[in-house]
Amino acid sequence: IGSNHILILGEENFLIMNKEVMKQFFKPELRKIIIFIIFIFIAFGGHTQSWVFSGKDMGSPKPPLFDLLAPFPFWVVWVFLLAPLALLSNLIVAIGGYDIDFIMRGPFWLFGIINLIYFYALSCLITFVADKLRKKR
């Protein structure tokens, strides 16, 4: 493996990605940004709707846009989008022997930052797969 390649997951034959491919994968472009913004909107709507499960019982005031967003299934979509992240988080807890799931149940600021990184990576993956499928046709 040359110095311009990145070895992922330790096995030489498993996945070798050229650094240029990695740069292109994460390089911001309009499609990635649009998908990322959609994910952020879903996350905002899902977080707003989660007030029903947590904030309502604790006496927190209703979020300003709650009534406007209530008819839409943002919370359900958000939960499905976060499922891979939650599984990864639980795996890290199980392997690392941590007492608490710091990704999903840690400080809100950490959860928010990890969501941003995850949603951007997911938008990059979606555009990457779409480009590969388009080239096959």
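How many helices and strands does the secondary structure of the protein chain come to? I counted five helices and two strands. I am working from a predicted model, and I keep that in mind throughout.

**Order of elements.** The elements run β-β-α-α-α-α-α.

**Burial and surface.** Next I looked up burial. The protein chain has 137 residues, and 26% of them count as buried. The protein chain exposes about 9,800 Å². Carbon and sulfur atoms supply 71% of that area.

**Contacts along the chain.** I then checked contacts with a separation of 6 or more. Residues 24 or more positions apart account for 53% of these contacts in the protein chain.

**The core.** I turned to the largest nonpolar core, which has 16 residues. The residues with the most contacts inside it are F39, I42, W78, L81, L82, Y118 and F119. Which elements give two or more residues to this core? I found α2 (30-49), α4 (74-96) and α5 (108-136). The largest share, six residues, comes from α5.

**A patch outside.** I also found a nonpolar patch on the surface. V52, F53, W75, V76, V79 and F80 form this patch. Together they have about 560 Å² of accessible area.

Where is the place of V52? I located V52 in the loop between α2 and α3 (66-69). Its relative accessible area is 35%. Buried means under 20% and exposed means over 50%, so V52 is partly exposed. A patch residue needs over 30%, and V52 has 35%.

Terms used: Residues are numbered from 1 along each chain as its sequence is written. This is a predicted model: local features need pLDDT of at least 70, side-chain atom pairs count only at pLDDT 80 or more; totals for chains, interfaces and linings use all residues. Side-chain values use heavy atoms; hydrogens and water are left out. Helices (H or I, at least four residues) and strands (E, at least two) are DSSP runs, numbered from the N terminus. Buried means under 20% relative accessible area, exposed over 50%, partly exposed in between (1.4 Å probe, protein chains only). Contact means heavy atoms within 4.5 Å. Accessible areas come from the Shrake-Rupley method with a 1.4 Å probe; for residues, only the protein chains shown count as cover. A nonpolar core is a set of buried Ala, Val, Leu, Ile, Met, Phe, Trp, Tyr and Cys residues joined through side-chain atoms within 4.5 Å. Patches are made of residues with over 30% relative accessible area and no salt bridge: like charges are joined within 9 Å, nonpolar side chains (Val, Leu, Ile, Met, Phe, Trp, Tyr) within 5 Å. A salt bridge is a side-chain nitrogen of Lys or Arg within 4 Å of a carboxyl oxygen of Asp or Glu.
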